[in-house]
Amino acid sequence: MSSQNLPQSPEGPLSSEQRSEPGRKPRVAVVFGGRSSEHGISVVTAGAVMSALDRTKYDVLPIGITRDGRWVLTSDDPARMAITDRQVPDVDQLAGSAGGAVALSVDPGNRDVVVGEPGSVPEVLGEVDVVFPVLHGPYGEDGTLQGFLELSGVPYVGAGVLSSAVGQDKEYMKRVFISFGLPVGPYEVVRPREWDTDRPAARKRVMEFAAEHGWPLFVKPARGGSSMGITKVDDAAGLDEAIEEARRHDPKFLVESLLSGREIECGVLEFEDGPRASVPAEIPPVTAHDFYDFEAKYIDSAAGLVPAPLTDEQTAEVQRLAVEAFEAASCEGLVRADFFLTDDGSFVINEINTMPGFTPISMFPRMWQASGVEYPELVDRLITAALNRSTGLR
């Protein structure tokens with residue numbers, strides 16, 4: 001791809017002193033796609049974020065990561081990044097070159113973005129001031145990209161290395177929450193070595209869990225998202241197939257009991273005085289699906305209720321728990337916290353998402369819109385917070 005159609009720094013690479021010059025627009029690299037099964041939804045999220053960015057305030061550099069892990073420059077055309085005919089988009093469809101690649105320096109004193117084409121001299125496109133990583137799932141939301149950006153000394157939106165890793169791995173997320181006294185539902189973890197070396201023993205543990213907590217169960221990848229790879233299992237006959245589906249996304253999987261009640265979500269956003277919770281939302285039962293799965297979320301656009309029809313006391317309680325979960329996992333920037341309001345009136349935390357969906361129908365921006373923070377302001381707040389936060393130990 002030629003760089004002439006991409007956002008350029010008019011004066012070339014800038015020093016740290018020049019980056020702080022009045023009047024210079026910060027350059028935001030929106031990084032999306034990636035190697036996880038949530039690749040397509042990441043592209044959709046990136047399109048929404050790029051549409052909301054104020055181009056009079058920021059220079060925008062779209063960087064896609066292909067399914068095989070290659071970094072590429074893409075067209076700055078959010079309209080091509082939407083779900084069309086029930087199909088999610090792909091970075092390869094947006095890349096201008098089949099062989100070009102983008103590189104970001106790991107030298108903290110050099111934030112240059114370099115693009116190289118086969119047979120050509122690499123071209124320096126200028127410096128990046130902040131990265132907005134809208135990757136979902138492993139190889140992006142799990143601390144891997146965050147670690148790379150820490151090494152590079154480039155500020156970025158959202159959670160750091162540890163909290164990203166904790167937020168991605170449902171086993172350790174639950175362990176952290178339990179240690180902080182947050183209410184967590186029953187679960188069982190099966191790790192890869194356990195399944196590979198003694199499958200009968202691992203399956204027996206799952207069956208014992210089912211005997212104790214009852215059917216149906218949910219079998220899910222330990223480090224997945226967007227409800228991909230999750231199966232609701234009504235009896236033992238469907239267990240093996242559900243485990244294989246979960247392991248297709250992640251060799252480590254969880255089994256969780258069904259919690260009877262309402263699904264409630266709450267957004268947390270970091271303000272100058274600390275994290276605050278949005279009004280909560282409710283995911284009503286989806287009659288066309290067994291549960292709130294990928295197709296219900298993104299293809300069929302199952303609508304959530306914003307704000308959730310809760311009492312004032314229930315609203316205050318779920319907001320308190322959402323902020324406590326944010327703090328327990330040492331999160332930064334933003335989190336969507338998902339809960340069950342059980343039949344006995346208590347809240348149980350299901351999980352957090354450190355980079356929740358930002359599609360037009362996603363619950364996180366909808367909850368904050370209902371809380372008085374419109375989408376463009378939400379994106380701007382996240383970028384401003386990242387620019388004001390240093391990399392490294394903090």
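This is a predicted model: local features need pLDDT of at least 70, side-chain atom pairs count only at pLDDT 80 or more; totals for chains, interfaces and linings use all residues.
Which residues in helix 5 meet which residues in helix 6?

1. On the side of helix 5, the residues involved are Val 166, Gly 167 and Gln 168; they meet Lys 170, Tyr 172, Met 173 and Val 176 in helix 6. Classified by residue type, the contact of helix 5 with helix 6 comprises four nonpolar, two polar and one charged residues.

2. Regarding geometry, helix 5 spans residues 161-168 and helix 6 spans residues 170-179. Their axes come within 5 Å and cross at roughly 105 degrees. Angles of 65 to 115 degrees count as roughly perpendicular, and helix 5 and helix 6 are therefore roughly perpendicular to each other.

3. Strand 9 covers residues 217-221, and five of its five residues are buried, so the strand is largely enclosed by the rest of the structure. The burial extends to both faces of strand 9. Leu 217, Val 219 and Pro 221 lie on one side, Phe 218 and Lys 220 lie on the other, and all are buried.

4. Strand 9 runs antiparallel to strand 10 (residues 231-233), to which three bridges join it. Within strand 10, Lys 232 is the residue that stands opposite Phe 218.

5. Strand 9 is also joined to strand 11 (residues 253-257), by five bridges, and this pair likewise runs antiparallel. Here Lys 220, one of the buried residues of strand 9, has Leu 254 in strand 11 as its bridge partner.

How values were computed
Residues are numbered from 1 along each chain as its sequence is written. Side-chain values use heavy atoms; hydrogens and water are left out. Axes are lines fitted to C-alpha atoms, for helices over the stretch in contact, and angles run from 0 to 180 degrees between N-to-C directions. Helices (H or I, at least four residues) and strands (E, at least two) are DSSP runs, numbered from the N terminus. Angles under 35 degrees count as roughly parallel, over 145 as roughly antiparallel, 65 to 115 as roughly perpendicular and the rest as oblique. Contact means heavy atoms within 4.5 Å. Ala, Val, Leu, Ile, Met, Phe, Trp, Tyr, Cys and Pro count as nonpolar, Asp, Glu, Lys and Arg as charged, and the others, Gly among them, as polar. Buried means under 20% relative accessible area, exposed over 50%, partly exposed in between (1.4 Å probe, protein chains only). Two strands pair if DSSP finds at least two bridges between them.
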